[in-house]
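Please view the structure below before reading on.

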Amino acid sequence: MRSQRVVQAPTHAYEIRPVNSKRIVKLDVSMSSQQVVLITGGSSGIGQSIARLLARKDFAVFGASRNPHTAEHAPGVEVLPLDVRSDESVRACVDTLLGRAGRLNVLVNNAGYMLGGAVEEVTIEEARAQFETNFFGTMRTVKAVLPLMRQQRSGTIINISSLAGLVPGPPFCGMYSASKFALEAYTEHLWREVKPFGIHVSLVEPGSIKTKLTSNRQEAAERLGDYDRWRRRALEATRRLEENAPEPTLVADAVLSIIESESPKLRYKVGKDATWLPRLRQILPGSMFEKQLRKTFDLDAME
Ligand code: NAP
């Protein structure tokens, strides 16, 4: 039998046991008044940064991942298995959390990935898979927690959208952008409908953030050579933009301010690009905005 030890934290207990040489945290929040948070995609990038910050601020944080045994654990965060593409997995994750904590105050829908490829190259199956995670994954998790939040007459739901859900770009990830546009519309309806139950809903719309999103990007299987020249330039420009992108802690700070706000807003833009690009799109004539976008992504450069 493995040895177990219990470490007392200021307001809640962690049971820490070694599994696969990683330290697994088990939160005990039954007797505490801590706010309980579930973060989907808590193993990497933005989700992990949110988990790290909230755990430091003494929230009881459950971070979910498809691979809880290999996921990188933020200190003080309990990792639960979750694949947002599966009804069963979502149900099991929420049931486990409620069994352990008896309540859920905040849900952060962060799990997502980017599908790359020209819209002509993407198959219907690949597009469906993109929506299955980025859009239906959020919808599934929301449906699983709403009965409880309505019963509680309280709760906060934060959906991590994107600048790509406000302005279509960068090029060659049209289905990713479409999934975030869908998430924007869905979330606005949700926000309006659940307000009477004391449930707050917010969208966080980050611009470019330094994470593994691009290196984890999945490419459409079909590759039409005709697009290669523009694809290469767009990707190079995207990488250059990412090199100067802010750290995911910027998004984590925004999420914390939403949770701490008495009356959170529907939309929070994070990063300079997320702030000025949608504005420019509103004020510039369409042709001028498009010219600038093509220039940014090097689409019209001479070979
Ligand atoms: P990341 O480092 O690649 O993290 C993606 C996270 O999503 C991982 O924790 C992954 O967890 C999880 N995930 C993916 N598919 C999942 C599934 N089917 N079920 C459960 N979890 C799944 O990328 P990131 O940049 O932090 O992305 C997080 C969110 O921020 C995404 O929604 C993304 O669209 C959004 N965003 C990112 C940026 C940016 O520039 N980075 C900008 C705007 C918005 P496991 O692999 O452990 O399951």
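At roughly what angle do the axes of helix α1 and helix α7 cross?

## Crossing of α1 and α7

In this predicted model, the axes of helix α1 (residues 45-56) and helix α7 (residues 249-260) cross at roughly 55° and come within 8 Å. Because angles of 65 to 115 degrees count as roughly perpendicular and those under 35 degrees as roughly parallel, α1 is described as oblique to α7. The crossing of α1 and α7 is right-handed.

## Residues in the contact

From α1, the residues Ile46, Ser49, Ile50, Leu53 and Leu54 take part, and they meet Thr249, Val251, Ala252, Val255 and Leu256 of α7. Of the residues in this contact, eight are nonpolar and two are polar, with no charged residue.

An α-helix has 3.6 residues a turn, so residues three or four places apart point the same way.

The 12 residues of α1 should span 16 Å at 1.5 Å a residue, and the end C-alpha atoms of α1 lie 17 Å apart, which agrees. Just after α1, Asp58 adopts a positive phi of about 70°.

Helix α1 is mostly covered, with 10 of its 12 residues buried. Among these buried residues are Ile46, Ser49, Ile50 and Leu54, each of which also takes part in the contact with α7. Arg52 and Gln48 are buried as well. The cover over the buried residues of α1 includes the strands β4 (36-39), β5 (60-65), β6 (77-81), β7 (106-109) and β9 (155-160), together with helix α7.

Definitions and conventions
Residues numbered from 1 in each chain as written. Predicted model: local features only at pLDDT ≥ 70, side-chain atom pairs only at ≥ 80, totals over all residues. Axes fitted to C-alpha atoms, helices over the stretch in contact; angles between N-to-C directions. Helix = DSSP H or I, 4+ residues; strand = E, 2+ residues; numbered from the N terminus. Parallel < 35°, antiparallel > 145°, perpendicular 65-115°, else oblique. Left-handed = near helix turned anticlockwise from the far one by under 90°. Contact = placed C-beta atoms within 7 Å. Nonpolar A, V, L, I, M, F, W, Y, C, P; charged D, E, K, R; others polar. Expected span 1.5 Å × (residues − 1). Buried ≥ 20, exposed ≤ 12 C-beta atoms within 10 Å, placed from the backbone.
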